[in-house]
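The sequence and the model are shown first.

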Amino acid sequence: MIVPSQISLGFSPDDVVVVTGAGRGIGRSTAINGAAIGLKVAVWDLDASFAEDTAKAIVAAGGRAVAVTADVTDAAQIDAGLAKSAELGELRYLVNNAGPASASQLEFDEALEMSVGSMHKVATAWMGRGRLDDAALVNVASVAGNVIGTAPEWYPTAKAAIMGWTRHLAAYRSDVVRANAVAPGMTDTRRLAGFKESDVGQRVLTRIPLRRMATPDEISWAILFLLSPLASYVNGALLTVDGGWTVTQ
Ligand SMILES: NC(=O)c1ccc[n+]([C@@H]2O[C@H](COP(=O)([O-])OP(=O)(O)OC[C@H]3O[C@@H](n4cnc5c(N)ncnc54)[C@H](O)[C@@H]3O)[C@@H](O)[C@H]2O)c1
């Protein structure tokens, strides 16, 4: 079992991370576990109460956090969110996690803008604040992007695009940022509520070698590792965290 207080992954005590969509699910785990290993966390979410809930949990555990209500599809809210986050210090790290659920009823163009377009907007505004030594970002993609074709049509398209753009950053913006991505498999968050109990869920779980969904914590540690100084030579990688599901496809 991991004991977070015994690891720091090489982060420095004053390092700050911006985590988008950190009010719930994978983002919340990343924020809480990041704080547990010493990062100051700007907890971004569309929903103010979700952001405040995560920030309060961090502070109650002795960590440092600020809640930021920001919709990552909105440029003005991103700029305001970055300004508020900077109250914690220089923003060396970014986790682009927020994105619409695959079950959302969205038009193709709109969905791409909301998923990969929003990550691009946040990262561009963040990088535009100026160069910081050893800055790093992690984008949250999905096994639905590069390995498995899933419905609806926009979801695997957007998730593959996130990885293509991550590779671009790694190749062409390495003067500014070290960029990697995580591809979670099925993860037990509210957007998959009830899935593992359903007939189809049970069938899918038998195809995953580890026979279960990931916990949000398990995805968060992969994100934090890629972000961290311990991963200082990892650039342009896609880390699949899926219990071995896709190697069996
Ligand atoms: N759960 C899975 O099985 C799974 C699998 C692969 C990839 N992912 C990816 O992981 C990421 C997080 O998913 P999750 O399952 O933790 O979701 P979740 O629904 O549990 O939490 C997402 C959080 O993001 C916030 N959010 C949504 N849109 C936002 C926006 N425009 N601006 C700011 N905040 C916003 C929500 O309010 C919510 O608090 C997503 O990018 C998702 O595509 C999830």
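Is Ala 57 buried, partly exposed or exposed? With a relative accessible area of 28%, Ala 57 is partly exposed, since buried means under 20% relative accessible area, exposed over 50% and partly exposed in between, with a 1.4 Å probe and protein chains only. The model is predicted, so that local features need pLDDT of at least 70 and side-chain atom pairs count only at pLDDT 80 or more, while totals for chains, interfaces and linings use all residues. Residues are numbered from 1 along each chain as its sequence is written, and side-chain values use heavy atoms, with hydrogens and water left out.

Ala 57 belongs to helix α2 (residues 48-60); helices (H or I, at least four residues) and strands (E, at least two) are DSSP runs numbered from the N terminus. Leaving aside neighbours within four places in sequence, Ala 57 is in contact (heavy atoms within 4.5 Å) with Arg 28 and Ile 32. Asp 79 is 22 residues from Ala 57 in sequence, and their C-alpha atoms are 25 Å apart.

Axes are lines fitted to C-alpha atoms, for helices over the stretch in contact, and angles run from 0 to 180 degrees between N-to-C directions. The axes of helix α1 (residues 25-36) and helix α8 (residues 216-227) come within 8 Å and cross at roughly 60°. That angle makes α1 oblique to α8; angles under 35 degrees count as roughly parallel, over 145 as roughly antiparallel, 65 to 115 as roughly perpendicular and the rest as oblique. The crossing of α1 and α8 is right-handed, meaning that the near helix is turned clockwise from the far one by less than a right angle. Among the residues that meet are Gly 25, Ile 26 and Ser 29 in α1 and Pro 216, Ile 219 and Trp 221 in α8.

Helix α3 (residues 75-85) and helix α4 (residues 108-127) pack at an angle of about 45°, with their axes 10 Å apart. These two helices, α3 and α4, are therefore oblique to each other. Their contact involves Ala 75, Ile 78, Asp 79 and Leu 82 of α3, together with Lys 121, Val 122, Ala 125 and Trp 126 of α4.

**Residues beside the first crossing**

Gly 25 lies in α1 and counts as partly exposed at 21% relative accessibility. Apart from residues up to four places away in sequence, Gly 25 touches Thr 189 and Pro 216. Thr 187 is placed in the loop between β6 (178-184) and α7 (199-206), and is buried, with a relative accessible area of 5%. The side chain of Thr 187 reaches the backbone oxygen of Gly 185 at 2.9 Å. With residues up to four places away again not counted, the residues that Thr 187 touches include Ile 26, Pro 216 and Ile 219.

**Backbone features**

Most residues other than glycine have a negative phi, and most peptide bonds are trans.

| Residue | Phi | Relative accessible area |
|---|---|---|
| Leu 9 | about 60° | 14%, buried |
| Asp 134 | near 60° | 64%, exposed |

Leu 9 is found in the segment before β1 (16-19), whereas Asp 134 is placed in the loop between α4 and β5 (136-140). The peptide bond from Ala 151 to Pro 152 is cis, with omega near -10°. Pro 152 is in the loop between α5 (143-146) and α6 (154-172).

Notes:
Polar contact = N/O pair within 3.5 Å; in protein donor to acceptor, adjacent residues only side chain to side chain.
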